[in-house]
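Me: I've got a model open and want to go through it with you. Can you walk me through how its features get their names?

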Amino acid sequence: MADRYNARLDSFTLEIETIEDNFEKAIAKHEFPFKDGALLEDMALKARIIRIRCYFYEATYDTHRDLLKHIEKRELFELLHPKYGLLKGSIESVAVRHDDRTSTAEIDISFVEGKIIAAEPQRQVNVERSTEEAFANGQFELIEEVEEDIRNDLGTEAGDIIIKEIDTTLPMHGQFSGISIKAREYIKAADAFVDDLRATQSAITNPADSLLAVVNYPNTLAGNIIGTVARTIERYAILHEGFRSSPVRFLSTLRTSLGGLTSLSTRFSKYTRIASAQRTALEAAYLYRDDETKREIVRRMETTKSFDALGNYTKPETTEPIMTIGELERSLADVRTDLQAAVDESRGTESLKEMAVSLVEHVNDIKLEREKIVTVEVDPSLPLHLVCLQNNLPYNYAERILSINKIKNPNFTSGEVDIYAG
């Protein structure tokens, strides 16, 4: 009779005996004509199978029902074996024998040890979330930048001016008393700048669910300046919403429009340039987020068969054009140019660098697929779907291949075409 000993299966303490410990190797047998025997190749061990028998008596009889219910779960189990140590794996089969009259039960368990750990999905940068966080932090960094400039301009009296709470709906210069002529001139200039900003695109209403709605700008001189700058720039982004279907054009038009804000005031132009760079980076993140959503739809289509098992046609999802590698690179270059110029003006603004890193990492993740691209020569002209089939690719890949090539008419594809290597 085999030895019995205590073991644990997850949280259950069991009295068991080991019935069988099964090791089996995967051996590849390469046989050749007119040759005796075979060339053997050891392909390592197959899954180890341990068969144990669990015993339950009157005091533990009810436990066997709880154990049976527990092992119905579709998950990995931990078996703490007194001889083999801690094993992690799955339960392949269970055989139960019980006698209610004597309150005894036996359960035979076939435990399969798992050693290969499933690979975790590769972490991808959430470009929207990381850029939004950096943008929000950047608003307060920009407020600190204004406060530092006030200290440099106004000297010792700057402290009281910086911390004073004001009514942002009223002119600021009338809310300060006992200040120098230089300070009053600065505040009047800030008043004129804020008034000009509020008059710009005043017909456009900032949405209540925008990111700026959750940024709590302080009711101070610096908070009023930066809050007004940010809301004005947001209205410019809303004004150009119609160009979003062409991401590169949208960013280019937005950057050109925002460049005109610097003419409102030479004294405060630095803040509009930095805030504009922050906004274009945020808008680029939104464009990349939307583009990734479109890519996911395309990927699903590539793995979806056109006909189901019953022969019924499966209508494909509606797709929109996705950004090409060239469009990604160009948009990233434009945004990084603005971010770099902003960093040059404000070295201490870490959020600008964080935005740049998030956008670069996202685009690099997309560009990793470039490693799978090869160039083929198509002659004579063929439909793009047929080009896919000729190169051992599902015809569903046509949409994504179109996004990395400049093909005027996909029905008459010819010349050098970049395709994904099968």
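Me: How much space lies in the second largest cavity?

Reply: About 30 Å³. A volume is the space filled by probe spheres set on grid points joined across faces, edges and corners. Keep in mind that this is a predicted model, where local features need pLDDT of at least 70, side-chain atom pairs count only at pLDDT 80 or more, and totals for chains, interfaces and linings use all residues. Residues are numbered from 1 along each chain as its sequence is written, and side-chain values use heavy atoms, with hydrogens and water left out.

Me: What makes it a cavity?

Reply: On a 1 Å grid over the protein atoms alone, a cavity is a set of points where a 1.4 Å probe fits but cannot get out; lining residues have an atom within 4 Å of a point. The whole structure has 2 cavities of 30 Å³ or more.

Me: Which residues line the second largest cavity?

Reply: Phe-135, Gln-139, Ala-230, Ile-233, Glu-234, Ala-275, Gln-278 and Arg-279. Helices α2, α5 (221-239) and α7 (269-302) each supply at least two residues of that lining. A helix here is a DSSP run (H or I, at least four residues), numbered from the N terminus.

Me: Why is Asn-392 called exposed?

Reply: Exposed means over 50% relative accessible area (1.4 Å probe, protein chains only). Asn-392 has 70% relative accessibility, so it counts as exposed. Asn-392 lies in the loop between α10 (384-390) and α11 (398-403), and its phi is positive, about 60 degrees, although it is not a glycine.

Methods: Buried means under 20% relative accessible area, exposed over 50%, partly exposed in between (1.4 Å probe, protein chains only). On a 1 Å grid over the protein atoms alone, a cavity is a set of points where a 1.4 Å probe fits but cannot get out, and a pocket is an open set with protein on both sides within 12 Å along at least five of seven lines; lining residues have an atom within 4 Å of a point.
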